Amino acid sequence: MRSDPADYEFAAPTRLEEAVRLLAEQPKAWLPIAGGTDVMVQFAAGTLAARKLLSIWNLPELRRIEISPHEIRIGAGSTYSDLRGHEVIAREFSLLARAASWTGGIANQNRGTLGGNIVNASPAADSLPALLAYEADLVLCSARGERRVPYVNFHTGYKQMELAPDELIRAVCLPRRFSGYFSHARKVGARNAQAISKVSVAALGRVQNGEFRDVRIALGSVAPVPLRLPETEHALQGKPPEADVIAHARRLAVAETRPIDDIRSTARYRAEVVGNLVVEFLEALGRANHDK
Amino acid sequence: MTPNRGAKREISFVVNGDHRTVCVYPMERLLDVLRQQLSLTGTKEGCGEGECGACSVLIDGALVDSCLVPVAQAEGARIVTIEGVAANPRFSALGQAFLDCGGAQCGICTPGMMVAAVHLLDRNSAPTMDDIREGLSGNLCRCTGYLQILEAVAEAARRTAVR
């Protein structure tokens, strides 16, 4: 049954400073709400446990995308539409732009935020494999100050994360050193539009002198958290893009994942798709020529 | 800004060009405020969880599902509902194209489809079929099988281009 709006407090600070001050005063009481694409679904279902909502939608400090020579700093309140429409993201971080383009429909993309996707912490979250592949850092902020943590250490288990109750994600930083890489993104779901993924992949790599270099493979929906495949990646380093190498990588990749049966798919199907996606990526990467 | 459990507050916004002030709980859904307080019942409720697009409106020009918007987040916004679209002569070709192409059957999805189409055509006056599919991808229809709807939007774009 839907929740009763009379049961909820709602604060809408106009500046980030005010928002973190409220969190500092009662850190466990407030649930931040940005575009509401997850929180309002819980509200509709009557499962929203928090009774005090802190709106951080459209806080200007959270919606900036800043470019410096070495990195792009994306405000956590940036929407999927912001990501898709940003020239540098589209050009240099196509894995993220593509993930944004297949997150929900346009209406969801106009409201859903990158920070929200991280904090909602679904293993099926569309943007998170891209953050793993690019080795993103997160900037977390609170009334105590800011800290910067590698995203790879952020999600520690199903819906578990290294975020203190008084903290917000302020920004996501991506290093600008992948523009020469071949990138490959694919989402497998029940249908193209509006579906949550059964398996998704975000992968990067180079081929130089006929050898795989710096291959990065990240997957969604195959473990309690978005997953990179360090053993598979390591095994590919310096190897030629040949069938036996790729077949070995396929076996390693399947062994590194921990898929489950759930309402969207089965573990067996997911394992098969993981293998297919890794092979599809490596074959395409093998055809890409990075030798000048 | 002193939050108060159970307290209604006044929220003001512009709906279809008119300044409106409503007295609401902040967490009321924009969808309910539009339908119940402002009697703008053209905006429909389908799934209530942001999957079906029946409740699509424009907020400051952006397509959104009004079932997922706490009304307090619409403070100061410029909202356009299907009633605002219907009153705009710029979009008369769209409604006629839906009629001509069989783009509406039971009609529940139609307002949301048309608002999504307006959002698309505002940004892209000559969309390809792929553009139209993507622009309407957040809107579900259980009657038409979609082809008539897609064709209606394409036809509206053609007619508008001719004029």
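How many residues of chain A are in contact with chain B, and how many of chain B with chain A? The count is 27 residues of chain A against 30 residues of chain B, where contact means that the C-beta atoms of two residues, placed from the backbone, lie within 7 Å. This is a predicted model, in which local features need pLDDT of at least 70 and side-chain atom pairs count only at pLDDT 80 or more, while totals for chains, interfaces and linings use all residues. Residues are numbered from 1 along each chain as its sequence is written, with chains lettered from A and ligands numbered from 1 in the order in which they are written.

Let's stay with the A side of that interface. Strand E1 (9-11), helix H2 (39-45), strand E3 (52-55) and helix H6 (106-111) of chain A each supply at least two residues to it; helices (H or I, at least four residues) and strands (E, at least two) are DSSP runs, numbered from the N terminus. H6(A) gives the most, with five residues. By class, the side of chain A that touches chain B has 16 nonpolar, eight polar and three charged residues. Here Ala, Val, Leu, Ile, Met, Phe, Trp, Tyr, Cys and Pro count as nonpolar, Asp, Glu, Lys and Arg as charged, and the others, Gly among them, as polar.

Now for chain A as a whole. It has 11 helices and 14 strands, and its C-alpha trace spans about 60 × 45 × 30 Å along the principal axes.

Over in chain B, take a look at helix H4 (residues 110-123). Because 12 of its 14 residues are buried, H4(B) is largely enclosed by the rest of the structure. A residue is buried if 20 or more other C-beta atoms, placed from the backbone, lie within 10 Å of its own. The buried residues of H4(B) include B:Met113, B:Met114 and B:His119.
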